[in-house]
Amino acid sequence: MAALRTLVAPKLAAASALASLPGRLRLIPSDGRAPSPRAALHGSAPRPGARVALVLSGCGVYDGTEIHEASAILVHLSRGGAEVQIFAPDVPQMHVIDHTKGQPSENESRNVLAESARIARGKITDLAQLSATNHDAAIFPGGFGAAKNLSTFAVDGKDCKVNKDVERVLREFHGAGKPIGLCCIAPVLAARVLRDIEVTVGHEQEEGGRWPYAGTTEAIKALGAKHCVQGVTEAHVDKKNKVVTTPAFMCETSLHHIHDGIGAMVKKVLELTGK
């Protein structure tokens with residue numbers, strides 16, 4: 001243990017020092033040149049871009065945010081020149097899943113904000129502080145956390161309740177005419193909160209297991225939203241309500257197809273901001 005502490009202590013001290021720096025992390029090259037704007041965490045554009053709020057629901061597909069979806073969104077937002085701030089609610093998870101077994105872990109609890117901070121590399125803010133006034137768009141990745149921690153959809157289906165801050169954020173952005181992007185199972189949040197919107201979670205038939213969650217489309221219709229069939233590499237744009245959705249992991253397919261669909265969603269969201 002003494003040897004381990006000797007190895008780890010300097011790295012922890014360095015991480016603590018970096019965390020105490022004001023504002024964004026700045027990396028100074030060894031040649032003394034001024035840091036490129038691309039060195040800024042979560043913001044890689046040389047010019048001001050759209051300010052986007054990314055709302056997470058934990059860390060891990062079965063009890064939180066789908067990590068590949070969150071990463072793909074961040075990559076596409078970076079490429080699109082967006083300035084990103086990451087949020088999550090400061091609430092307990094519904095439960096904790098052992099991802100090696102696909103089963104709940106008994107007597108274990110985790111916090112959604114703390115778990116989401118793993119994806120955000122520590123740069124995260126309580127969802128209660130998110131205001132549409134300060135951002136041009138909001139995006140919600142999927143993962144079962146959207147149906148378990150941001151809402152009760154996993155348990156209650158069409159009769160689900162939505163986290164009060166998630167509901168507030170959706171209403172604020174929609175009321176301000178600012179675009180909202182959602183992927184995978186997350187469109188059910190918008191279907192539950194907003195009226196007369198159009199969303200997609202993919203196809204409406206399982207098609208031999210390719211679309212294993214196709215039954216979700218019936219719940220979306222029961223919530224009063226219109227479901228629009230789209231392929232996994234596509235995004236559906238509800239121009240009237242500025243809601244953009246894509247199926248992502250609602251489809252059993254290769255990862256690059258999901259990445260492409262998320263890219264289509266992010267591109268449309270950024271276009272709708274007008275920046």
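Q: What does the accessible surface of the protein chain come to, and what share belongs to carbon and sulfur atoms?
A: The accessible surface of the protein chain comes to about 13,700 Å², and 53% of this belongs to carbon and sulfur atoms. Accessible areas come from the Shrake-Rupley method with a 1.4 Å probe, and for residues only the protein chains shown count as cover. This is a predicted model, in which local features need pLDDT of at least 70 and side-chain atom pairs count only at pLDDT 80 or more, while totals for chains, interfaces and linings use all residues. Residues are numbered from 1 along each chain as its sequence is written, and side-chain values use heavy atoms, with hydrogens and water left out.

Q: How many helices and strands are there, and what percentage of the residues is buried?
A: The protein chain has nine helices and eleven strands. Helices (H or I, at least four residues) and strands (E, at least two) are DSSP runs, numbered from the N terminus. Of the 275 residues, 47% are buried, where buried means under 20% relative accessible area, exposed over 50%, and partly exposed in between (1.4 Å probe, protein chains only).

Q: Turning to the sheet, what is the strand order?
A: The open sheet of seven strands runs β5-β2-β1-β6-β7-β11-β10, with mixed pairing. Its edge strands are β5 (125–126) and β10 (236–238), each of which pairs on one side only. Two strands pair if DSSP finds at least two bridges between them.

Q: In which sense does β6 pair with β1 and with β7?
A: Strand β1 (residues 51–55) pairs with β6 (residues 137–140) in the parallel sense over three bridges, and Ala53 stands opposite Ala138. β6 and β7 also pair in the parallel sense over three bridges, with Ala138 opposite Ile180.

Q: And how many bridges join β7 to β11?
A: β7 and β11 (residues 243–246) pair in the parallel sense over four bridges. Gly181 in this pairing stands opposite Val244.

Q: Which way do the β7 residues point?
A: Ile180 and Leu182 point one way from β7 (residues 180–183), Gly181 and Cys183 point the other way, and all are buried.

Q: What about the largest nonpolar core: which residues have the most contacts inside it?
A: That core has 72 residues, and those with the most contacts inside it are Ile73, Leu77, Ile139, Phe140, Leu189 and Met265. A nonpolar core is a set of buried Ala, Val, Leu, Ile, Met, Phe, Trp, Tyr and Cys residues joined through side-chain atoms within 4.5 Å. Helix α9 (residues 255–273) gives the most to this core, with six residues.

Q: What does Met265 touch?
A: Leaving out residues up to four places away in sequence, Met265 touches Ile73, Ile139, Gly181, Leu182, Cys183, Ala235, Val244, Thr245 and Thr246. Contact means heavy atoms within 4.5 Å.

Q: New topic: which residues of α3 are buried?
A: In α3 (residues 112–119), the buried residues are Val112, Leu113, Glu115, Ser116 and Ile119. They are on the same side of α3, because they cover an arc of only 160° around the axis; the arc is that of the directions from the helix axis to the C-beta atoms. The buried residues of α3 pack against α2 (67–79), β2 (83–88) and β5.

Q: Lastly, where is Trp211, and is it buried or exposed?
A: Trp211 is in the loop between β8 (198–199) and α8 (216–222). Trp211 is buried, with a relative accessible area of 2%.

Q: With which side chain does the side chain of Trp211 make a polar contact?
A: The partner is the side chain of His203, at 3.3 Å. A polar contact is a pair of N or O atoms within 3.5 Å; within protein, one must be able to donate a hydrogen and the other to accept it, and residues adjacent in sequence count only if both atoms are side-chain atoms.
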